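My notes follow in the order I took them.

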Amino acid sequence: MQERDYKDLFVLIKALAGVNTFQNAEAVRVGNLINRRYSQAYNTSPSWSRYLISSEARDINAYTLSGATASTSTTVNQNYKLLGQSTGTNTKAGTNVYEGITTSSVIIYKNTSDAWVVATSGATTVESGTGTITVSTPGTAEFTEADTNKKDKLEDVETFTARDGASDVLTVLPKNLVPYDETGRDSISEFIRIHRKRAFLNLSRVEYDFFVDGTGANILNITSTVDNQAFVTYKKELTLFATDSFTTEAQFTSNDTDKVPLEFFNYLAHASYADFLRMDGQHGKALTEEQLADGFLFTELEKIDIRSNNNSINHKFSTYVNRQSR
């Protein structure tokens, strides 16, 4: 995608102001105003092409465990994702195996006595062809299900026994959560749509309803409890221009490291200059520049609208498929 150097933006703002140089203090203020307007432009639409990621596979966090102390292991306190169904090695065959998100060597499985175990220093392998999970190293059991009648679901366990007589009380919170952050992926700023399978191909896909909180997107009425991924269409986080440490005008006007998205370039120039005029008390001129800036931004938003009329990435249609839990 097309970009311009940050220094070109700053030089244009100086040209609009009719000056050869800003005082250092003025340059710093203008730099702050540029970042403010950059954030504003970014927030006007969820569909800016450079920030939109379509139908990317993301792990579903199935559980959040808490309550472990140093008497067992604090690494137990984290989110867990479903790996798959066990082959039966060191475990009960056909039951779910879960892996920690933060510390992957913490695993959850059913042992050969049909009891749920939360273990540290565990290891698993995925069997090629079948995708089933072998618990090659069962690890150290930090918590073990003590219920007489063993439960099928981890969240239904009434009592866990901590190792070595520890008094830790394990809390299990079931979730169907897609977090904002995942290793090897861009951070999510805004969730747009979530599908069960890869979407926007030839076949329609089940689309999930969800609500967003401080931890991520919580999927409602998930189709299958053995699904460990969802396909998320989202908006990437904005990275502001790295000018916070600049203290001189020369640093701004020589900055060719930061790149300005071309679709924002003219808007940022005129909008930041309008803010500069307000700072200088020239409100009438500021209004004129603000109108020019809005015109540039409106033109870019209109391009998004035209594209949106030709595709369904950001359109959610109410159908039988996306209203049902399967």
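For the angles below I take axes as lines fitted to C-alpha atoms, for helices over the stretch in contact, with angles running from 0 to 180 degrees between N-to-C directions. The model is a predicted one.

**Entry 1: H2 and H4**

I started with helix H2, residues 24-42, and helix H4, residues 262-279. Their axes lie 9 Å apart, and the packing angle is about 130°. I noted the crossing of H2 and H4 as right-handed.

I then listed who touches whom. From H2 the contact takes Glu26, Arg29, Val30, Leu33, Ile34, Arg36, Arg37, Tyr38, Gln40, Ala41 and Tyr42. From H4 it takes Phe264, Tyr267, Leu268, Ala271, Ser272, Asp275, Phe276, Arg278 and Met279. Sorted by class, the contact of H2 with H4 holds twelve nonpolar, two polar and six charged residues.

**Entry 2: H1 and H4**

Next I looked at helix H1, residues 6-17, against H4. The two axes come within 9 Å and cross at roughly 45°. That makes H1 oblique to H4. The crossing of H1 and H4 is right-handed.

On the H1 side I found Asp8, Leu9, Leu12, Ile13, Leu16 and Ala17 in the contact. The H4 side gives Phe265, Asn266, Leu268, Ala269, His270, Ser272 and Tyr273. I sorted the residues of the contact of H1 with H4 into nine nonpolar, three polar and one charged.

**Entry 3: H1 and H2**

How far apart are the axes of H1 and H2, and at what angle do the helices pack? I read 12 Å for the axes and about 115° for the angle. H1 and H2 are therefore roughly perpendicular to each other. H1 passes H2 in a right-handed crossing.

Tyr6, Leu9, Phe10 and Ile13 of H1 meet Ala27, Val30, Gly31 and Ile34 of H2. The contact of H1 with H2 divides into seven nonpolar residues, one polar and no charged.

**Entry 4: the largest pocket**

I then turned to the largest pocket, whose volume is about 450 Å³. It is lined by 22 residues, and those closest to its centre are Tyr63, Asn96, Tyr98, Glu155 and Thr225. Which elements give two or more residues to the lining? I found strand E3 (61-66), strand E5 (96-100) and strand E12 (171-179). E12 supplies the largest share of the lining, three residues. By class I counted nine nonpolar, five polar and eight charged residues in the lining of the largest pocket.

Terms used. Residues are numbered from 1 along each chain as its sequence is written. This is a predicted model: local features need pLDDT of at least 70, side-chain atom pairs count only at pLDDT 80 or more; totals for chains, interfaces and linings use all residues. Side-chain values use heavy atoms; hydrogens and water are left out. Helices (H or I, at least four residues) and strands (E, at least two) are DSSP runs, numbered from the N terminus. A crossing is left-handed if the near helix is turned anticlockwise from the far one by less than a right angle, and right-handed if clockwise. Contact means heavy atoms within 4.5 Å. Ala, Val, Leu, Ile, Met, Phe, Trp, Tyr, Cys and Pro count as nonpolar, Asp, Glu, Lys and Arg as charged, and the others, Gly among them, as polar. On a 1 Å grid over the protein atoms alone, a cavity is a set of points where a 1.4 Å probe fits but cannot get out, and a pocket is an open set with protein on both sides within 12 Å along at least five of seven lines; lining residues have an atom within 4 Å of a point. Grid points are joined across faces, edges and corners, and a volume is the space filled by probe spheres set on the points. Angles under 35 degrees count as roughly parallel, over 145 as roughly antiparallel, 65 to 115 as roughly perpendicular and the rest as oblique.
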